[in-house]
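Let's take a walk through a protein model together. Have a look at the sequence and the 3D view, then read on.

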Amino acid sequence: EEEEEEEEEEDGEMSSRRMPRILKEIPKFSTLSRKEPSPLLPFILVGMLWSYVLTKRRCNGDTDSDQEILLESARILCESSPYMLSPSARQEECVPPKNVAESLNSCMEQSIDLISSSSLKRAHMPFVLELVDDIHRLLQFKMRVLAALSDTLAILQRASAASSIQKSFKSRLDRTSKKVVFFCSWINEVGTDVINLLQAQVLIVKERLEKDWKEEEAQGQAAHDKQEGKKKVKIVELPQET
C-alpha cells in the first residue's frame, strides 16, 4: 500500500500538482542488509533517478495508459542505467560509480540511443541538461526522491503483473524491484545532509556540462563561419587601362 504526499513549493508553481504516491510500508534498512550502507550509494542513486526522469520524459509522463506503453516504460527504466539491475541480474557486475560525474557518464553511454538526436550517436546536450536538471530538482527534497523511487517501483510491479510479459523479463523486473525497495529503505533513514550534498554535487556537474556544451557550440560556430568565409569570393573590379 502507498500514501499520497502533496508537493509544496514556495513559489506555488507546483502547488496544484501531487507527487506520486510514496510507498507506505518501507522496511527498515537493518532488515535488508547487515552491512553499513556503502558511501557509494548516493552515486548509484543518481543513476537510478536518471532512469526515472528519462523514462518519464520519453513517455511524456504517461507510463501505463496501456500494456504496451507500460512494458516499454519498464524496459527503459531497466536499460537506461547500468545501476538499475542487481549484480545477480548481470553477466558482469557493474563497478559502482565513485562520483556523480562517473555515474552520469555511464548512464549517458548506456542510454545513448534514447538521448541522441541523430544517427551519429552523440548525446543531444539540451536534452541531457534537462534530465540532469530534473535529477537536481528531485534532490531538493527527500520526499521527492522517495516519491520517484516509489513510482519507479509501482511501474516495475505493474509491468511484472502484465499478462503479456515474457518470463525472463518478469524475473528481471522482480529483481530490479527488490533493488528499488532497498534504496527506498536507505533514503528513508538517511539524513537530509546526504541528500543536500548530493544535490550540490549534481549542480556542479550540471554547470560544468553547460559550460562545456556552450564552448563546444561556440567553437563549432566559429569553424562554420570560417569555412563559409572561404567559400565567399570577393569580386574586385580591375582598373581600366587608359
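Is Ser185 buried or exposed? Ser185 is buried, because its relative accessible area is 0% and the buried class covers anything under 20%. Keep in mind that this is a predicted model.

## The whole chain

Let's step back for a moment. The protein chain has nine helices and two strands.

How much of the chain is tucked away? Buried residues make up 40% of its 242 residues. The contacts also say something about the fold: taking those with a separation of 6 or more, 71% are between residues 24 or more positions apart.

Leaving out residues up to four places away in sequence, Ser185 touches Ile26, Pro27, Lys28, Phe29 and Leu32.

## Helix H2 and the core

Now for the greasy part. The largest nonpolar core has 65 residues, and Leu45, Trp50, Leu149 and Ile187 touch the most other members. Helix H2 (residues 41–58) gives the most to this core, with 11 residues.

With a relative accessibility of 0%, Ser51 counts as buried. Setting aside neighbours within four places in sequence, Ser51 is in contact with Leu77, Ser80, Ser81 and Met84.

## Where H2 meets H4

Which way do H2 and H4 cross, right-handed or left-handed? The crossing is right-handed. The axes of H2 and helix H4 (residues 100–110) come within 8 Å and cross at roughly 35 degrees. On the H2 side, the contact is made by Phe43, Val46, Gly47 and Trp50. On the H4 side, Val100, Ser103, Leu104, Cys107 and Met108 take part.

Look at the spacing of those numbers. An α-helix has 3.6 residues a turn, so residues three or four places apart point the same way.

Helix H7 (residues 142–160) has 19 residues, which at 1.5 Å a residue should span 27 Å. Its end C-alpha atoms are 27 Å apart, so the model agrees with that expectation. Because 15 of the 19 residues of H7 are buried, H7 is largely enclosed by the rest of the structure.

Helix H6 (residues 125–138) has 14 residues and reaches 20 Å from its first C-alpha to its last, close to the 20 Å expected. Here 11 of the 14 residues are buried, so H6 is largely enclosed by the rest of the structure too. Among the buried residues of H6 are Met125, Phe127, Val128 and Leu129, and also Asp133, Asp134 and His136.

## An exposed lysine

For a contrast, find Lys214 in helix H9 (residues 192–231). Lys214 counts as exposed because its relative accessibility is 55%, and exposed means over 50%. Lys214 and Met125 are 89 residues apart along the chain, yet their C-alpha atoms are separated by 9.9 Å.

Technical notes
Residues are numbered from 1 along each chain as its sequence is written. This is a predicted model: local features need pLDDT of at least 70, side-chain atom pairs count only at pLDDT 80 or more; totals for chains, interfaces and linings use all residues. Side-chain values use heavy atoms; hydrogens and water are left out. Helices (H or I, at least four residues) and strands (E, at least two) are DSSP runs, numbered from the N terminus. The expected span of a helix is 1.5 Å times one less than its number of residues. Buried means under 20% relative accessible area, exposed over 50%, partly exposed in between (1.4 Å probe, protein chains only). Contact means heavy atoms within 4.5 Å. A nonpolar core is a set of buried Ala, Val, Leu, Ile, Met, Phe, Trp, Tyr and Cys residues joined through side-chain atoms within 4.5 Å. Axes are lines fitted to C-alpha atoms, for helices over the stretch in contact, and angles run from 0 to 180 degrees between N-to-C directions. A crossing is left-handed if the near helix is turned anticlockwise from the far one by less than a right angle, and right-handed if clockwise.
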